[in-house]
Amino acid sequence: MDTFIFILEIIGTIAFASSGAMIAIEKKMDIFGVNILGATTAVGGGIMRDVILGVTPPTAFAKPVYILFAALTSTLLFAIVYTTPDILHSKIKNKIYDKIMLWCDTVGLGIFTVLGIQTASRLVTEDNPFFFIFIGVLTGVGGGVVRDIMAGETPYILVREIYASASIAGGIVYIACRNSVGEASGMLLGLCVTVVVRALATHFHWNLLRIHCRTAK
């Protein structure tokens, strides 16, 4: 089980670091900024989770392997774009890159949602599904919120297609199924539900209700 969780953590770290690093590159940040934004996206949600759960120091600092993977991923992407800068304006970027970044962000969301719930349920003895799901969503979206604020953007979860709601859906499925199908299978089900809901929302442009105000002339 520990190996399974570690693999999920590394995959999620690489996925989120990729999305953070590429946003930094598009914002024309230097290599230090790219690494900071990549690492912040990858471990930011986990640090928030650990602070709330009273884990000191947070796992990202106690086990720097996650920051190391985030830095390696960010540096590799920076090197690729630095040596071939035209890739940002090529047809490949428009057709393939955007989809890859979307899937990186979606997979990272699903992985860190279930990992957040698993960590909370392991550290908190009282069975509190609402709190567990809250921690899962915070772990999934926290790094992205910090990333967007640092990049000068409105946080992704406030303006784009269904995002945090997908995390909530996956968290509910994980909580509901883990006792009947086992911890690992419950995590995979929750992860898959988060990814599928997020992917469908993006494909069909599903959004939560919002108010559209007309601009005064």
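Trainee: What is the volume of the largest cavity?
Mentor: This is a predicted model, where local features need pLDDT of at least 70, side-chain atom pairs count only at pLDDT 80 or more, and totals for chains, interfaces and linings use all residues. Residues are numbered from 1 along each chain as its sequence is written, and side-chain values use heavy atoms, with hydrogens and water left out. A cavity is a set of points, on a 1 Å grid over the protein atoms alone, where a 1.4 Å probe fits but cannot get out, and its volume is the space filled by probe spheres set on the points, which are joined across faces, edges and corners. For the largest cavity, that comes to about 180 Å³.

Trainee: Which residues lining the largest cavity are the closest to its centre?
Mentor: Lining residues have an atom within 4 Å of a point. There are 19 of them here, and the closest to the centre are Ala42, Val43, Gly46, Arg49 and Phe112.

Trainee: Which helix gives the most to that lining of the largest cavity?
Mentor: Helices are DSSP runs (H or I, at least four residues), numbered from the N terminus. Those giving two or more residues to this lining include H1 (2–26) and H5 (91–123). The top giver, with eight residues, is H2.

Trainee: And which helix gives the most to the lining of the second largest cavity?
Mentor: That cavity has a volume of about 30 Å³. Its lining includes Val141, Asp148 and Tyr163. H6 and helix H7 (156–159) each supply at least two residues, but the one that gives the most, with five residues, is H6.

Note on methods. 1 Å grid on protein atoms, 1.4 Å probe; cavity = no way out; pocket = protein on both sides within 12 Å on 5 of 7 lines; lining within 4 Å.
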